[in-house]
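Hi everyone, thanks for making time.

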Amino acid sequence: MLTRVHRWLANAALISVLGLPLAAQERPDFRLELETGGHRAVIRALATDAAGRFVASASDDKTARIWDLSGASEPVVLRGFAGDGPDGVINAVALSPDGKFAAVAGYFGPHLSPDAEFGDVRIFDVGSRSIVRVLKGFPLVVDSLAYAPERDELAVTGQGGIVQRWQAPFSEAPERIGDLDSAALRVLHVAYAAGGTRLLAVSLDYGLRIWDSVSGAEIEAPEAEPLWDVPLTALAVSADGARFALAGEDGRVEIRASGDGAVLARLPLRPFRPDALAFVDQDRLIVGCGYRCGGVHEAEIWRLDPVELQGNYRDHDGPISALLALPSGAVVSAGGRALALHLWQPDIGKASRILRGSGTMVSAAGIAADGSWIGWGFDDPCPERTICPEALAPLSARLDLPVGDRGFGPPGQGDVAGALRAVLAAGDFRLSISDAPGGGFDGDLLTVTGPGSSAAIRRGAVDGYYHSAVTLLADGSAVSGGGNGALIAYGPDGRFAGEFVGHTGDILALAASETRARLLSASADQTLILWNLDTRAEIARFFFAGAEWVIWTPQGYYHSSPNGDRMIGWRINRGRDEAARYISASALKKHLHSPEIVRRAILIGDPTQAAVDLRGKDGELDALLTRAPPDFDLRLAEEIDIPEGLAVVEIKGASADEVEAWGYSILVNDRRVPPQRYPDPSGQGRQLYQIPLEPGENAIRVTGENNFGYVTERSAVALSSRRGPAPEKRGKLYVAAIGVADYPKLPVACNGTSCDLAYPVHDAVEMVATLAKTAGPLYSAIETLVLVSPSRLDGSEDLRRALANVMPIDQIQPPDNRVVEDALIEFLARPGPEDTTIVFVAGHGVTLGENYYLMPGDAEQRGGELRLRSLFDWQILQEELSYAKGRRLLLIDTCHAAGAFNARLEKDAADARIVVFSATAANNTAAERRDLGHGIFTYALLEGLRGKAATGSDGVRLLGLADYVYREVVRLSNARQEPYYSLLETSNFVVARP
């Protein structure tokens with residue numbers, strides 16, 4: 001029978017023989033990645049610069065990160081070439097004394113290749129994130145790097161047992177010096193000691209080795225023979241270099257003299273596998289538990305003279321994979337379920353800083369029987385054990401998936417009762433997990449028991465090590481997840497049936513809806529994946545972290561919260577000796593932000609077909625990722641003396657011509673301001689711009705866009721000490737109101753009846769009148785644009801009178817398609833940076849394909865379908881409002897109906913920092929009530945503006961209005977309607993003063 005490896009090699013050979021299409025060969029080599037701000041897989045190594053200002057971390061997620069411990073800057077992410085499987089995994093890292101360069105190494109060769117050179121060491125310039133040179137020659141996978149500043153020497157070792165050395169590794173002319181042979185098959189850790197005169201190595205198969213690093217002579221350590229048969233898992237050297245500690249898989253921890261390796265002390269045998277060690281204060285040793293921690297052991301603090309346990313550090317909530325002692329005496333530990341770096345003092349035992357991303361492991365998965373929703377959770381179901389596939393973690397959150405015309409629901413808490421979970425026994429079949437005799441991992445044997453037969457499935461290094469999550473299917477077949485993302489289907493006879501390829505971390509939970517042919521998997525890589533159970537193809541992937549979330553297909557189309565698309569992007573390989581490019585999904589939002597493609601992919605179970613159905617093609621990324629987004633950096637020019645209430649920003653990395661050619665915008669909080677060139681006092685021609693500030697903290701964002709639709713954003717924060725409230729009259733108030741009530745050309749287009757609505761004109765007129773009365777006095781003047789169905793005005797003297805108090809009646813225009821477009825474009829070009837613009841829209845909205853449209857008064861059908869050319873493209877309003885200067889508010893009372901929810905464009909508004917109040921969230925319909933004389937949302941909004949939302953004597957503030965409208969809409973609709981808001985980076989300003 002072919003093994004899994006043999007099948008892979010056979011398939012690879014077949015592809016090679018058949019050849020690939022030319023277009024496929026020319027495709028850019030890219031990988032879709034989640035970028036949460038931290039690591040998403042095991043952190044293998046830590047390093048620091050001479051002063052302890054920076055900490056470098058190396059991870060299985062194929063990145064190295066350089067963390068500024070002062071918090072003055074975001075971590076620098078180093079990305080090299082990354083291929084399939086482990087290709088690109090970083091096991092080791094070392095920093096130059098000044099922190100300007102980083103050496104990284106690991107598994108740098110093709111997956112399952114028998115003869116590639118895996119051990120190249122890449123030297124990165126940390127500032128530019130570029131690879132400046134590659135130290136070649138180590139043939140196999142590198143497990144450890146060590147740098148000796150006294151000798152300016154780098155040691156490289158790992159599989160094969162050779163220790164390779166490089167002189168001046170961070171210089172422009174590194175020199176390889178004599179190799180040392182440990183005689184081991186694999187050296188796991190290497191370190192310099194005794195002022196760089198000793199080189200230490202611990203191996204998995206041949207114990208301890210010590211060399212005189214000057215002469216290269218091996219030093220025979222006493223009592224070394226007992227270590228020959230113990231896999232040694234950790235190594236650390238004291239700050240003065242006089243002592244070192246080693247640890248073994250059997251729980252032993254020894255302290256030895258660096259000069260000759262003599263044993264100085266031994267700790268009591270630990271009941272776990274110590275994977276990390278670090279000396280602090282010369283006489284204390286930190287011991288980190290890496291495996292079989294039992295939910296109790298994390299980091300132990302041992303005093304060495306005499307040997308006694310002094311305390312524990314348990315804030316990681318999981319195993320510790322790496323430890324580092326800083327020159328200050330602080331400790332950095334890496335691990336836990338959040339894969340975080342903790343900075344802490346041994347005498348305090350609590351973290352002073354935690355460096356991590358926004359995600360965490362997903363340990364629970366559930367799915368509705370009909371596939372209409374999914375549930376998930378993050379709790380560890382068995383902290384005292386390494387794996388427990390029979391123990392199901394609780395579900396704590398839910399997301400409604402698209403069904404029929406329904407779109408996505410908002411992710412969050414909800415009823416998860418009735419979810420299908422993993423099944424271990426059904427009918428005549430049963431799954432059981434046990435430990436294979438002589439196996440190195442818990443749970444490496446899965447037994448499938450059926451009528452009169454049983455099959456055993458043992459896992460090893462090539463197929464996930466262990467069975468961490470399993471579920472039984474109705475026909476007796478099974479799906480099992482393991483380490484490193486292995487997710488495999490087996491037949492009732494235990495034979496390999498296929499693989500689900502997508503996760504990169506351990507599979508922690510599974511759930512299947514066989515009636516919908518869907519499988520849901522949860523992983524330590526912080527994502528869930530929804531699979532087509534029949535084809536084993538990935539449909540969509542999910543990431544949730546607090547208020548931010550993102551759902552994406554393998555082709556890169558996505559649906560997200562306002563900032564969710566900053567958490568995914570593409571690593572673009574440029575060769576093994578070059579740093580990879582990384583492009584965030586937010587840079588390609590105009591091309592790839594498509595909730596409708598994601599929705600359709602889940603409905604039909606085929607993301608490729610969904611893209612073809614809506615775009616006519618699949619694979620837009622091939623063309624998009626060959627181009628580069630605008631490249632610039634933003635900094636506050638704090639060295640320039642400028643009057644209070646102003647700031648100067650510098651745009652670096654692009655010429656003035658390029659900046660002007662892009663078309664770019666500058667936002668301060670929620671206000672779009674025009675950039676004003678500021679002369680460079682240094683005479684160096686720097687690109688300086690003067691911008692106004694508001695009192696307090698100012699979030700500054702510069703957005704540039706090139707001709708290909710790439711968007712690049714850079715941010716900074718400036719503080720203004722200017723005191724006192726804003727002036728009572730600040731700029732003008734611009735109010736545009738659209739109310740479409742009559743649809744004479746659509747007599748049967750809305751469920752077989754007329755599309756006419758009762759109250760949009762009342763809503764629009766009352767909104768203009770109320771804003772003029774309650775908000776108008778806050779401004780120097782008010783300008784209005786009113787586009788409403790004329791027949792409703794002709795029949796109501798009250799409406800005409802209300803408008804006559806604000807504007808001449810003869811300036812009112814009908815809400816026809818061309819009128820709406822031309823009038824809005826002209827109107828939204830008027831506001832200046834000190835002005836406020838409010839746009840209110842009431843009427844029907846509809847989604848066709850991926851795009852959202854307002855149905856104007858002259859909308860019409862042809863052949864039973866709405867004529868596209870008779871509809872108003874909402875994107876026009878969106879773009880014009882996003883480019884309007886000053887503060888912008890968008891109030892939407894269009895009648896969303898299930899899948900017609902305007903998720904795509906409301907996110908665009910949020911990204912432009914436009915304040916959005918929408919009548920409905922997903923899967924709601926905006927309702928009207930005769931007794932109120934308005935739509936429910938607009939009625940609540942009007943009442944709030946008239947004073948009921950006031951929380952103090954100074955008037956109605958933004959957040960108070962949002963809270964009041966939300967509570968009132970829910971109350972007045974009996975909880976059937978729920979409004980939606982976007983209030984990103986905005987101050988709680990006074991909206992109205994009744």
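What you see is a predicted model, where local features need pLDDT of at least 70, side-chain atom pairs count only at pLDDT 80 or more, and totals for chains, interfaces and linings use all residues. Residues are numbered from 1 along each chain as its sequence is written, and side-chain values use heavy atoms, with hydrogens and water left out.

Okay, helix α14. Helices here are DSSP runs of H or I with at least four residues, strands are runs of E with at least two, and both are numbered from the N terminus. The buried residues of α14 are I936, F937, T938, A940, L941, L942, E943, G944 and L945. The helix covers residues 936-948, and its end C-alpha atoms are only 15 Å apart, while a straight helix of 13 residues would span 18 Å at 1.5 Å a residue. That expected span is 1.5 Å times one less than the number of residues.

Now, what does M767 touch, apart from its neighbours within four places in sequence? Its contacts (heavy atoms within 4.5 Å) are F840, L891, T938, L941, L942 and L945. M767 and L941 also belong to the largest nonpolar core, which has 51 residues; both are among the members that touch the most others, along with L793, L803, F917, L961 and V965. By nonpolar core I mean a set of buried Ala, Val, Leu, Ile, Met, Phe, Trp, Tyr and Cys residues joined through side-chain atoms within 4.5 Å. There's a second, separate core too, with 47 residues, including L34, V362, F542 and F543. As background, nonpolar side chains in soluble globular proteins tend to be buried together.

On to strand β20, residues 253-257. All 5 of its 5 residues are buried, so the strand is largely enclosed by the rest of the structure. Both faces are covered, with V253, I255 and A257 on one side and E254 and R256 on the other. Strands pair if DSSP finds at least two bridges between them. β20 runs antiparallel to β19 (residues 243-248), with 5 bridges joining them, and R243 has A257 as its bridge partner. In that hairpin, with 4 residues between the strands, G251 takes a positive phi near 95°. β20 also pairs with β21 (residues 263-266), again antiparallel, over 3 bridges, and I255 stands opposite A265. This second hairpin has 5 residues between its strands, and G261 takes a positive phi near 80°.

Last topic, rings. How many aromatic pairs does a search of the whole structure find? It finds 14. Rings of Phe, Tyr and Trp (its six-membered ring) pair if their centres lie within 6.5 Å; planes under 30 degrees apart are stacked, over 60 edge-to-face, and the rest tilted. Y107 and F118 are edge-to-face, 4.9 Å centre to centre with 70° between the planes, and both are buried. Elsewhere, Y291, F441, Y465 and Y466 form one aromatic cluster.

To finish, the charged end of R209 sits over the ring of Y206, 3.9 Å from its centre. That label needs NZ of Lys or CZ of Arg within 6 Å of the ring centre and within 35 degrees of the ring normal. R887 lies over the face of F989, at 3.8 Å from the ring centre.

Methods. Buried < 20%, exposed > 50% of the residue type's maximum accessible area, 1.4 Å probe, protein only.
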